[in-house]
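Here is a briefing for a first look at this structure. Please view the model before reading on.

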Amino acid sequence: MFRFETKILLNRIIITLILVSLIYFILFFLTLYKFIFSIFLLFVLSIYEWVKINKIKFFYKFIFIFCFIIFIFFYNFFLLSSLVFINNFNKIINLLSLTWCLLSFFLIIYYPKSSLFWKNSYFLKILFGFLILVPFFYDIIFIRQLCYEKNHYYGSYLLLYILIPIWVFDSSSYIFGMLFGTNKLFIKLSPGKTFEGYISGVFFLTLIFFIYKSVGILNISNLYVIIISFLVSVLSLFGDLQESMFKRIGKVKNSGRLFFSHGGILDRIDSLTIILSLISNYLLFLQVHKC
């Protein structure tokens with residue numbers, strides 16, 4: 001048993017290192033235009049996985065047409081639109097994503113009763129997919145292009161600073177949960193998640209934020225570091241659980257096999273969907289970023 005778990009962990013570490021290297025390359029070695037194209041490709045795969053796990057068969061033929069329209073819109077939107085128009089449209093997109101965040105909390109907390117009103121509705125499944133995926137990938141592009149004219153890498157570093165804590169929380173929760181977890185956290189939605197894994201994830205997440213504070217990335221008190229760590233861990237967990245909810249209804253273990261036994265695109269971005277939306281809203285409405 002221990003040998004089997006060690007093999008799984010080793011495979012996960014290797015795949016994680018490959019993914020981190022790929023993401024670093026996309027963030028820092030691609031121009032903004034090539035970055036948008038890369039995000040579009042991920043968006044296409046995500047849409048495909050979404051309709052697959054929700055078994056929306058009739059929608060397959062429209063996937064690439066829909067994604068192509070979205071891509072053309074994103075690409076021209078950030079290249080040709082005025083800054084005022086972009087900011088106004090950002091507010092609409094982010095309000096939609098906030099609406100979904102609030103709705104998803106209720107769907108998760110009251111699962112499985114909450115699934116009764118949507119699990120047999122293709123329209124609602126497509127709508128939920130739109131509310132999750134379009135704002136998520138849009139937010140990635142929005143953050144990446146912040147202050148681009150003054151500093152090409154400002155948005156890249158900002159995204160990296162957001163991704164690292166989530167990666168650490170997700171990986172440490174998985175590893176320590178697998179090795180030491182006994183008390184189930186959300187057995188109805190995700191039987192693999194344990195209280196021990198979650199606490200371990202919160203510990204390492206807090207450690208990352210204290211490192212951020214020590215090097216000057218965060219300029220907040222120790223109390224706020226602890227509060228933010230807790231909030232980020234809860235939001236990351238709920239992001240994970242929202243995808244688990246749809247996979248549970250679709251009776252599938254993983255959203256895809258792009259990363260072999262570690263699932264697909266949706267399995268890798270689930271923890272980020274809610275957090276990125278809230279951070280994007282924070283940056284947009286409070287205008288706290290400094291180029």
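This is a predicted model: local features need pLDDT of at least 70, side-chain atom pairs count only at pLDDT 80 or more; totals for chains, interfaces and linings use all residues.

Residues are numbered from 1 along each chain as its sequence is written, and side-chain values use heavy atoms, with hydrogens and water left out. Helices (H or I, at least four residues) and strands (E, at least two) are DSSP runs, numbered from the N terminus.

**Salt bridges**

- A search of the whole structure finds three salt bridges (a side-chain nitrogen of Lys or Arg within 4 Å of a carboxyl oxygen of Asp or Glu).
- Lys193 pairs with Asp240, with the closest N and O atoms 3.2 Å apart. This pair links distant parts of the chain, with Lys193 in strand β2 and Asp240 in helix α8, 47 residues apart.
- Lys193 counts as buried at 17% relative accessibility, and Asp240 counts as buried at 12%. Buried means under 20% relative accessible area, exposed over 50%, and partly exposed in between (1.4 Å probe, protein chains only).
- Lys247 forms a salt bridge with Asp267, the closest N and O atoms being 2.8 Å apart. Helix α8 holds Lys247 and helix α9 holds Asp267, 20 residues apart.
- Glu243 forms a salt bridge with Lys247, at 4.0 Å between the closest N and O atoms. Glu243 and Lys247 are separated by about one helical turn because they are four residues apart in helix α8.
- Glu243, Lys247 and Asp267 are linked in a network of salt bridges.

**Strand pair**

- Strands β1 (residues 184-186) and β2 (residues 190-194) pair in the antiparallel sense over two bridges. Two strands pair if DSSP finds at least two bridges between them.
- β1 and β2 form a hairpin with three residues between them.
- Lys184 has Thr194 in β2 as its bridge partner.

**Surface patch**

- A nonpolar patch on the surface includes Tyr153, Tyr157, Phe203 and Ile217 among its residues. Patches are made of residues with over 30% relative accessible area and no salt bridge: like charges are joined within 9 Å, nonpolar side chains (Val, Leu, Ile, Met, Phe, Trp, Tyr) within 5 Å.
- The patch has about 740 Å² of accessible area together, by the Shrake-Rupley method with a 1.4 Å probe; for residues, only the protein chains shown count as cover.
- α7 gives the largest share, four residues.
- Tyr157 lies in helix α6 and is partly exposed, at 39% relative accessible area.
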